[in-house]
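Subject: Structure handover, aromatic contacts

Hello,

Here is the structure I promised you. Please open it next to this email; my notes on the aromatic side chains follow.

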Amino acid sequence: MTKLIELFINHLSAEEKAGNTTGHYAEVLERFEAWLFKHHHLALSEADAGKITGLILVEYYQSFHQRNLRTATRNNYAVILKKFFRFLVNTGVLSEDPTAALHSVRERKKPDTEEEKEYTPEQLKVLLELLSDPKSARNCARDAAVVALILGSGLRASEACSLNVEDAQAIKYGRVRCKRKGGGWANVEVAGFVSPYIERYLWTRGKCDPDQPLFLSQKGQRLTRTALWKSLHAKQCSVGIPTGVHRFRHTFTSDVDRNPIGGAAVSRDLAGHRSVAVTNTYLHSNHEERQQVVNSMGYAELLKPDNFT
């Protein structure tokens, strides 16, 4: 990591940005620097920073499209680059900001024929059946425990991975305290079905110290969301369901919203969002549900053609 990247990351840490956020920023900038050196023999250093033009940044941004990166990912990388170069301008390293040429792209609304962002009960069933068989793939007990935890609490993958063995007791009693995305600590309610999955996984590990990570990687280190994604990706592909880890969180929030005693406000609180507007991006419905709603309007019975013949 070059000095300028390190200074920027330290600046973010001083602003109390979460470790997952600063780590992601560092990873994106290091990836950009590797591309920069490969294609232009430049580094993110004080000596080379002034040589990085808007044209170079546009070229880099266009490479995202060539690599078929999602619109949201491309926009995220652009935002990080903008913040980094704005930091260089504010600290006097640069006199002008070359990222003026970068613009976020508005995501197109997916047509109804495309896959929803949540899992159906049938899809969850086939995945959990696979994970219940330890002979089918590696780390089945661990992955089943993580999936159950996210589906039973709405935790982000990074938040689940940050827990320690001592938190298993709190999970058993229905509430766990964890550090959320914004950096603050919060108590999160956990469904009763989660604890047996956690206990089954810990039994496969044998004796564990309370301060050890709750979920371990193949190498015995704390499991990361990237490693979790890779492990689940292969299993999800093998049973023919959509891949991803965050999809479990979408499934949780949508299911809570549909619950008669739930709703958007409860979904917001359980998901750890600051506003219902953010939660709304996680809420999804399928064709059958929408059809049921439009046919269940208060005046639907009144408007039946038989009433006017």
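How many aromatic pairs does a search of the whole structure find? It finds 13. Bear in mind that this is a predicted model.

Start with W35 and Y60. Their ring centres lie 4.8 Å apart. The planes meet at 50 degrees, so this pair is tilted. The two residues come from distant parts of the chain. W35 belongs to helix α2 (residues 19-40), and Y60 to helix α3 (residues 54-66). They are 25 residues apart. Both W35 and Y60 are buried.

Next, F64 and Y77. This aromatic pair is edge-to-face, with 5.3 Å from centre to centre and 75 degrees between the planes. F64 sits in helix α3 and Y77 in helix α4 (residues 71-90), so the pair ties together parts 13 residues apart in sequence.

Are F64 and Y77 buried or exposed? F64 is buried, with a relative accessible area of 0%. Y77 has 10% relative accessibility; the cut-off for buried is under 20%, so Y77 counts as buried too.

Now the wider picture. Ring pairs link F8, Y25, F32, W35, Y60, Y61, F64, Y77, F84, F85 and F87 into a cluster. Both pairs described above have their residues in that list.

Last, two arginines over rings. R200 lies over the face of Y197, 5.3 Å from the ring centre. R247 lies over the face of Y119, at 5.5 Å from the ring centre.

Best wishes

Methods: Residues are numbered from 1 along each chain as its sequence is written. This is a predicted model: local features need pLDDT of at least 70, side-chain atom pairs count only at pLDDT 80 or more; totals for chains, interfaces and linings use all residues. Side-chain values use heavy atoms; hydrogens and water are left out. Rings of Phe, Tyr and Trp (its six-membered ring) pair if their centres lie within 6.5 Å; planes under 30 degrees apart count as stacked, over 60 as edge-to-face and the rest as tilted. Helices (H or I, at least four residues) and strands (E, at least two) are DSSP runs, numbered from the N terminus. Buried means under 20% relative accessible area, exposed over 50%, partly exposed in between (1.4 Å probe, protein chains only). A charge sits over a ring if NZ of Lys or CZ of Arg is within 6 Å of the ring centre and within 35 degrees of the ring normal.
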